[in-house]
Amino acid sequence: KKEFWKTWHNNIDKISEEENNKFYMQEYYKNVLLKLNPKEIVKELAGYGNNIVLLCYEDKEAFCHRHLVATWLEKKLQIKVPEIAIDKNANIQVLSRNSKYVNEFNEIMKEIDIAEELER
């Protein structure tokens, strides 16, 4: 969603990176991922074949929505979404995802899910 992305982007270097990224994660979960069915997403992606990749240009350590989507899919479907890199010889290396964002996003999802449940 462009509006909360613009807010996040405009806040770079104006507020702490931690606070700004938390804002983005909360908004991304509430306004994007909560509106999606993870089973349907995986089913749709499976229609393209077995080797689906979430691709982004950010470095593996950088804050990125790719990490959020992977974490969401792992939590909601109890599946593994590996972080990979491909070297110059086209060899695939499995990497570990930045646990800082994984842990924080898992907490955010938990808090929002509880709040959503209480509202029902």
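## Arg 97 and its surroundings

Setting aside neighbours within four places in sequence, Arg 97 is in contact (heavy atoms within 4.5 Å) with His 67, Ala 70, Thr 71, Glu 74, Val 81, Pro 82, Glu 83 and Val 102. This arginine belongs to the loop between β2 (92–95) and α5; helices (H or I, at least four residues) and strands (E, at least two) are DSSP runs, numbered from the N terminus. Arg 97 counts as buried, at a relative accessible area of 12%. Here buried means under 20% relative accessible area, exposed over 50%, and partly exposed in between, with a 1.4 Å probe and protein chains only.

Two of its partners deserve a look. The side chains of Arg 97 and Glu 74 are joined by a polar contact of 3.4 Å, and the Arg 97 side chain also reaches the backbone oxygen of Val 81 at 2.4 Å. A polar contact is a pair of N or O atoms within 3.5 Å; within protein, one must be able to donate a hydrogen and the other to accept it, and residues adjacent in sequence count only if both atoms are side-chain atoms.

## About the model

This is a predicted model, in which local features need pLDDT of at least 70 and side-chain atom pairs count only at pLDDT 80 or more, while totals for chains, interfaces and linings use all residues. Residues are numbered from 1 along each chain as its sequence is written, and side-chain values use heavy atoms, leaving out hydrogens and water.

## The core and α2

The largest nonpolar core has 20 residues, and Tyr 28, Leu 33 and Phe 105 touch the most other members. Such a core is a set of buried Ala, Val, Leu, Ile, Met, Phe, Trp, Tyr and Cys residues joined through side-chain atoms within 4.5 Å. At least two of this core's residues come from each of α1 (2–10), α2 (17–31), α4 (65–77) and α5 (99–119).

Beyond four places in sequence, Tyr 28 is in contact with Phe 4, Leu 33, His 65, Leu 68 and Val 69. Tyr 28 is one of the buried residues of α2, which also include Asn 20, Tyr 24 and Met 25. Their cover includes α1, α4 and α5.

## The cysteines

How many disulfides are there? The count is zero, a disulfide being a pair of cysteine sulfur atoms within 2.5 Å. The sulfur of Cys 56 has its closest cysteine sulfur in Cys 64, and at 3.3 Å that is too far for a bond. Cys 64 is buried, with a relative accessible area of 3%.
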